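Student: I have a structure open and would like to go through it with you. Can we start with how the chains meet?

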Amino acid sequence: MRDSTCARAPVPAFRTASRGFLRRRGRGLSLGPALGSLVIGALALAGCPVIEPVPPLLLEELTPDRGFSLHIEPFEVPPGVEVQDCFFVEVPDINDGQDIWVDRFAMTQRGGSHHMNVFRVNSILHLSGRPGDVVRGGECRISTNWSDWPLVVNSQEGSDEQPIVDWTLPDGVAQRFRPGELLMVQSHYVNASLQKTPGGGEVRINFYKSRVASPIEMGTLFATQQSIRICRSNPVVSYDGACSFPPTAQVHIAAANGHFHGRGTSLQMYTWDGLSLDHPGPEAMFYESLEWNEPPMAVGLDEIVPAGGGVWWTCNYEWREPEGGCAAVDERDDEQRGDCCYTFGNSAENAEHCNVFVYYWPKVDSSIFCN
Amino acid sequence: MRAKLASLLFMLAALPWTLAAEGCEPEPPHPPPPPPPQEPVILGDPDAEAELELVYRTVDGRIAVLEDGGDVPMILPPQGGKVMLIGVRARNVTQQLQINAGIRDFCTERFIHREGRSVRLVEGTPLLAPLGGLPEAGAPGPRERPIDVWGYPEFSADLLNYANIPVCPTFTSLRDGDDQPYALELRATEQRRPGEERARSHVLTATIVPVCAQPEIEEDCRCECDADFVLEDGQGRPVTREQQCPTIHENDLPFGVCPET
């Protein structure tokens with residue numbers, strides 16, 4: 001896999017595009033006051049080529065009285081490349097300095113998207129940015145850099161058939177945003193043998209303002225298991241974890257999705273009472289994904305977590321021969337055993353994941369960090 | 001000559017388009033099926049009673065036998081936070097085990113975290129010595145080896161063959177994650193042996209005290225493990241380490257004492 005550095009992009013037929021609605025404020029890009037729109041000119045600013053012609057990725061532009069819109073402009077995803085970039089954006093002040101409550105998200109991405117995650121920026125290790133900054137590859141691929149950054153929302157839909165994920169939160173429930181709060185939007189596109197991105201990448205997200213006077217705050221839970229290994233000599237393995245809520249919390253799970261790569265056969269999530277190490281029964285299962293490349297986003301859930309309990313997840317894998325042979329897989333393996341072992345990593349082609357995204361309410365006092 | 005050069009130039013000019021055009025790429029070959037499951041390898045005597053003991057990975061990547069009531073070091077894993085690496089040494093069991101381990105808060109009787117995974121043991125590794133992984137080619141197979149040798153987690157320095165039990169930060173426990181006693185429980189389930197309807201399962205328990213043991217991150221670890229550690233305040237504003245760590249230990253509870261609720 002090559003990195004996403006645009007200077008290496010071997011497609012001279014592309015032209016550099018510059019969209020008219022890009023606005024610079026200070027060091028970065030910020031809110032367009034007329035449209036309430038955050039616009040990130042991802043590659044255009046860096047002088048990188050953008051694919052032309054680009055069919056429009058349609059999502060309405062929100063005016064400040066309805067919310068705010070975020071747009072990552074079209075960018076190139078050349079053949080044989082995985083692009084993972086981190087875009088830093090500032091929550092606009094559309095509420096006279098008051099917090100903004102959001103009770104609906106609409107997200108759309110061009111076909112081929114592997115994932116798109118939005119986090120609230122917290123502890124800074126080696127990844128940071130000011131509003132409008134973009135970090136391409138590099139530290140944007142190192143997950144320890146955002147391990148304690150609370151999840152806002154994510155989408156793994158990247159199909160042309162169902163381009164928009166339109167998620168309305170449960171009645172009276174909303175996420176809180178502060179004007180000026182720094183968010184990081186992470187976009188991962190793959191254009192290789194397992195996933196194709198024929199038309200380049202692009203992301204649009206709409207954050208719709210809640211009309212409820214005193215909404216219940218939604219919280220999120222993001223978990224990732226990184227010590228995983230799927231080897232030729234031990235082809236069928238599973239990894240699972242669990243994460244608990246504070247003992248006094250009584251939470252409802254409203255939505256969930258999971259993330260694994262091509263060797264994953266299934267990912268399940270269960271409510272867990274926290275009392276036993278026994279695997280929860282099928283009646284406790286609230287999410288299952290059997291599709292690594294288009295995992296479902298379960299919404300409309302109302303799973304009540306037993307007090308003092310939490311969420312249990314299981315990722316199941318079956319080793320398979322890499323499309324391009326074992327060399328690239330072996331090269332990533334720290335143990336260098338020559339056993340064609342897939343280990344945790346960003347590359348959808350040569351590495352694996354076991355990630356869990358859970359949306360619940362009411363939010364507990366601090367974001368839940370599951371490691 | 002000129003015609004050949006023009007042809008070559010044309011081919012070079014067309015190459016990017018060829019690469020970019022989705023329809024021109026050959027269909028990827030259908031991957032072959034994975035190898036069939038192997039019959040389980042038994043470490044030691046298949047007819048003898050299974051013996052298992054809890055072990056943990058030390059900060060420097062070695063293995064130590066876990067003592068009831070003893071300290072267990074926490075490390076910084078790639079995913080962040082602090083975890084204990086708990087495994088087993090065993091004999092007369094299948095080489096491949098599914099382990100499932102968690103720690104329980106004595107004050108609430110609830111598990112604060114747990115983790116499960118497939119692990120592989122290898123025989124004949126001396127205690128507290130770095131492991132070398134699988135036997136070298138030509139070395140005697142497991143059946144020929146002395147049966148008083150334990151099987152230890154393969155790749156002792158790696159995190160893969162231990163349960164990675166998260167401890168810090170914890171938003172579930174009422175006490176600090178470090179320097180307080182917790183109940184450890186580990187279940188090890190063997191591969192199903194031929195002729196058996198159910199796989200054999202073994203339960204191991206101990207009281208342990210997680211400790212911050214990596215010198216370079218000890219202060220950060222102790223702050224992150226405090227029961228009062230938060231990522232955000234009640235209004236959703238991030239709370240940094242600088243803001244909370246200097247005073248976070250002021251109300252720490254004595255060892256083994258539960259808070260009043």
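Tutor: The contact (heavy atoms within 4.5 Å) takes 65 residues from chain B and 66 residues from chain A. This is a predicted model, in which local features need pLDDT of at least 70 and side-chain atom pairs count only at pLDDT 80 or more, while totals for chains, interfaces and linings use all residues. Residues are numbered from 1 along each chain as its sequence is written, chains are lettered from A and ligands numbered from 1 in the order in which they are written, and side-chain values use heavy atoms, with hydrogens and water left out.

Student: What area is buried between chain B and chain A?

Tutor: About 5,300 Å², with carbon and sulfur atoms giving 51% of that. Buried area here is the accessible area (1.4 Å probe) that two parts lose on being put together, summed over both. In chain B, the residues that lose the most area to chain A are B:Q79, B:R110 and B:R114, together 14% of what that side buries.

Student: How many salt bridges across the interface of chain B and chain A?

Tutor: The rule (a side-chain nitrogen of Lys or Arg within 4 Å of a carboxyl oxygen of Asp or Glu) finds four. One salt bridge joins the side chains of B:R187 and A:D278, at 2.2 Å from N to O.

Student: Which element gives the largest share of the side of chain B that touches chain A?

Tutor: β8(B), with 10 residues. Helices (H or I, at least four residues) and strands (E, at least two) are DSSP runs, numbered from the N terminus.

Student: What does β8(B) run antiparallel to?

Tutor: Strand β18 (residues 236-244) of chain A, which is joined to β8(B) by five bridges. Within β8(B), B:H113 stands opposite A:C243. Two strands pair if DSSP finds at least two bridges between them.

Student: Change of topic: what is the secondary structure of chain B?

Tutor: Chain B has three helices and 12 strands. Of its 261 residues, 48% count as buried, meaning under 20% relative accessible area, with exposed over 50% and partly exposed in between (1.4 Å probe, protein chains only).

Student: Where is B:S201?

Tutor: B:S201 lies in strand β12 (residues 201-212) of chain B. B:S201 is partly exposed because its relative accessible area is 44%.

Student: What is B:S201 in contact with, leaving aside neighbours within four places in sequence?

Tutor: B:A188 and B:T189. The side chains of B:S201 and B:T189 make a polar contact at 3.3 Å.

Student: Over to chain A. How many residues of β25(A) are buried?

Tutor: Seven of the seven in strand β25 (residues 355-361) of chain A. A:N355, A:F357, A:Y359 and A:W361 point one way, and A:V356, A:V358 and A:Y360 the other way.

Student: Which strands pair with β25(A)?

Tutor: Strand β16 (residues 219-224) of chain A pairs with β25(A) in the antiparallel sense over six bridges. Strand β19 (residues 252-259) of chain A also pairs with β25(A) in the antiparallel sense, over seven bridges. A:Y359 is the bridge partner of A:T220 and of A:A255.

Terms used. A polar contact is a pair of N or O atoms within 3.5 Å; within protein, one must be able to donate a hydrogen and the other to accept it, and residues adjacent in sequence count only if both atoms are side-chain atoms.
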